Number of protein chains: 2
Amino acid sequence: MASLLEGQARPIRLADIAKAAGVSHGTASNVFSRPEIVRAEVRERVKAVAEQMGYAGPDPKGRLLRAGKVNAIGVATTEPLSYFFDDPFARVMMAGISEACDATGAGIALVSAANQEKLAWNIQSALVDGFVLFCIEGGSRLVDLTRERRLPFVALELGFQDETVSAIGVDNVAGARLAARHLAELGHRRFAVLSLGFADNRTGFATPEAVRSAVYTGTRDRLAGYFEELSRFGIDTAKIPVYETENEEKSTRAGLEAIFATGERPTAILAMSDRMALIAIDWLIGRGLNVPGDVSIVGFDGVPDGALSTPPLTTIAQPITEIGRRAARMILDHDGAVRRETMGVEFVVRGSTGPAPKA
Amino acid sequence: MASLLEGQARPIRLADIAKAAGVSHGTASNVFSRPEIVRAEVRERVKAVAEQMGYAGPDPKGRLLRAGKVNAIGVATTEPLSYFFDDPFARVMMAGISEACDATGAGIALVSAANQEKLAWNIQSALVDGFVLFCIEGGSRLVDLTRERRLPFVALELGFQDETVSAIGVDNVAGARLAARHLAELGHRRFAVLSLGFADNRTGFATPEAVRSAVYTGTRDRLAGYFEELSRFGIDTAKIPVYETENEEKSTRAGLEAIFATGERPTAILAMSDRMALIAIDWLIGRGLNVPGDVSIVGFDGVPDGALSTPPLTTIAQPITEIGRRAARMILDHDGAVRRETMGVEFVVRGSTGPAPKA
DNA sequence: CATTTTTGTTGGATCGATTCAAATTTCGGT
DNA sequence: ACCGAAATTTGAATCGATCCAACAAAAATG
């Protein structure tokens, strides 16, 4: 009873136990962290005292300072926290990260913030041993912020030319070429591209200058891949509409409206994410068009939802889970080296692509 | 260059900056945490020194010990970490928790472990201010473990009679009755129940004793709700097969096999989770049966996937997001009180239920 | 110019543990 | 009973910050 009331006033510390049991701090500490080196009799006495006083066990806050290692990695993004549970790409990635963390018993701390102020603070104050950065919108800012913390970190997506930051990504050019070639070989000649951003906070048709001055080189590379391959088939890429979206519902639909408002409707859409591709399928079907009868679509990413849509999505699959695993491991067993890994992609043909309709 | 090498050897502390800048560590601390009370000239000098020495800013590990508050909540489960990103119910719940955390700038730490040893350690050592417990399998053990930590915690699901633990859940009896009444009113007379566990690690047909001695009273209440209502329609509930699954693919399909192996096939299935209900729809359609033509199904939970299935799922919807929000807030602004909240459910009629087939 | 008030700085105490060299105890062997 | 080795225990130092009472310097007041 008394211990309960006192407990409310001030939590019991290891030192209190030590005093009450008549042993030194050191011994009391050993009872909890290395019980085998304490004489059984003493050990039991201290444990009994702890139990009776309602000691909650060594406080990790104290241990942490001494130990130095938190044993947790932070996963950061500029999206709201719910992004981790909503976005299919993020979810698969998190599964990979989870796996690696589960294997070593490490924890995961989710870090995010809508506004820049808070993001900076959250990154500064996160109790983690390192970061995995989801570099979507605002990725470069995220990297800058994290760099200040001077902890190991890995950027997902090799969108950064900066060779001093560790990163894992896929061969965007090769993946994009695969997608473009597939459609070209099916006879398609009129294309449209649903693009990710070339820089922050922008939607609408991308100008050649926007592409040239791309901040997100991942986006640029994918477009380059598309164009390179299509050129080989004699297609004039300058005429292909490229619409930058924010990779969500609204701007993607706006992009489709804009693309299909023109006279020369495309028979094939190259989407830089499965998310956009799936939205596009939905939009097209809603408009009474047939996929792939009237319009073929190829996505990018390889999220599980793509296999379940009607029609199922043809896509360039990234080894998302594996990327997550590796990213987490890079932090978990960090050796101070900067690593940049480029993973291969896999071309998955499903039902959203077919021969170009006869003129 | 030198600073970089030294930085590798031993991170720079605030005290190092203070010495180098010729101020006390108190002042150096103020420069970072309350810059406005330091004279501009001094402030700039210290900042310059910090910059030049490559100081990463005050280490949260140190601050934490002093401050006492971590500003993060732990979300714990006995499932592997990936559960948070895979399971639809968990995901919606996490969205609610995320929302509450985003609003106050708090972080989320995911805690989990397959084996009991590690779980205990992970809970003991998690750097959090409190816990939200996902009480699925092994929920009671999870509560016991967490209680030892003597931090505030909330159990999701009121499956615990123990009135000394805070918990948030729904009125399981009322929800179950709604589901049962709906089917009975549609003329169904032959039922089967896909049940959650009454105790840990068990699958197969549940015996009356198993139900009586249920550890998970949430499961028991749902069943009680089903049976109470069906009895009112003169249905002999003793004959209704109740199959305990682990709320995943394998055991649910096994349950369906077992249920449909009997002569008296049910025309209506009461599933205690949407997950099982969706698996059941898939299984039935795979067997050439029509839903709801041959068999009607009602789920429980109200996860978003239920609206997207074919046919869309009739279900008892819990206010999952709201539960998550409240749980998180209960920890975030904890006042020492034990709170037990019971939320209402909403009956959502969609396409998976229809009139009983003519004998 | 003396006195108060305001503003800025200092350094010791504290948060709660772990670590490790040194001191002490225990114990087998003679 | 005594010795050295092995097993335990001790207590000071440390981890990296923040807080706060006391003090010093500068500014305002009479």
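Colleague: To begin with, which rotation, and what shift along its axis, superposes chain A on chain B?

Modeller: The model is a predicted one, and the answer below should be read with that in mind. Chain A is superposed on chain B by a rotation of 180° with 0.0 Å of shift along the axis, and the RMSD is 0.1 Å. This is the relation of a two-fold axis. In general, a rotation about an axis and a shift along it relate two copies of a chain. Among the residues of chain A, A109(A) comes closest to the rotation axis, with its C-alpha at 2.2 Å.

The contact itself may be described next. Chain A contributes 36 residues to it, and chain B contributes 36 residues. On the side of chain A that touches chain B, at least two residues come from each of α5 (60-67), α6 (83-86), α7 (88-104), β2 (107-112), α8 (116-125) and α9 (139-149) of chain A. The largest share of that side, seven residues, belongs to α7(A). Sorted by class, the side of chain A that touches chain B holds 18 nonpolar, nine polar and nine charged residues. Because 100% of the interface residues of chain A are also interface residues in chain B, the copies meet through the same surface.

β2(A) is joined by three bridges to strand β2 (residues 107-112) of chain B, and the two strands run antiparallel. Within this pairing, L110(A) stands opposite I108(B), a residue of β2(B).

DNA strand C is surrounded by 26 residues, the closest being R13(A), S29(A), D59(A), G62(A) and G26(B). By class, this surface divides into ten nonpolar, nine polar and seven charged residues.

DNA strand D may be treated in turn. Around DNA strand D there are 26 residues, of which G26(A), R13(B), S29(B), D59(B) and G62(B) come nearest. The surface near DNA strand D has ten nonpolar, nine polar and seven charged residues.

Chain A consists of domain 1 (2-66), domain 2 (70-169) and domain 3 (171-318). The centres of domain 2 of chain A and domain 3 of chain A, taken over C-alpha atoms, are separated by 27 Å. In the contact between these domains of chain A, twelve residues of domain 2 meet eleven residues of domain 3. α7 and α9 of chain A each give two or more residues to the side of domain 2 that touches domain 3, and the largest share of that side, three residues, comes from α7(A).

Finally, a word on confidence. The average pLDDT of chain A is 92, and 96% of the residues score at least 70. Over residues 1-8 of chain A, however, pLDDT stays under 50.

Conventions
Residues numbered from 1 in each chain as written. Chains lettered and ligands numbered in written order. Predicted model: local features only at pLDDT ≥ 70, side-chain atom pairs only at ≥ 80, totals over all residues. Contact = placed C-beta atoms within 7 Å. Helix = DSSP H or I, 4+ residues; strand = E, 2+ residues; numbered from the N terminus. Nonpolar A, V, L, I, M, F, W, Y, C, P; charged D, E, K, R; others polar. Pairing = 2+ DSSP bridges. Near = placed C-beta within 6 Å. pLDDT = per-residue confidence, 0-100. Least-squares fit on C-alpha atoms with pLDDT ≥ 70 in both. Domains from an automatic or database assignment.
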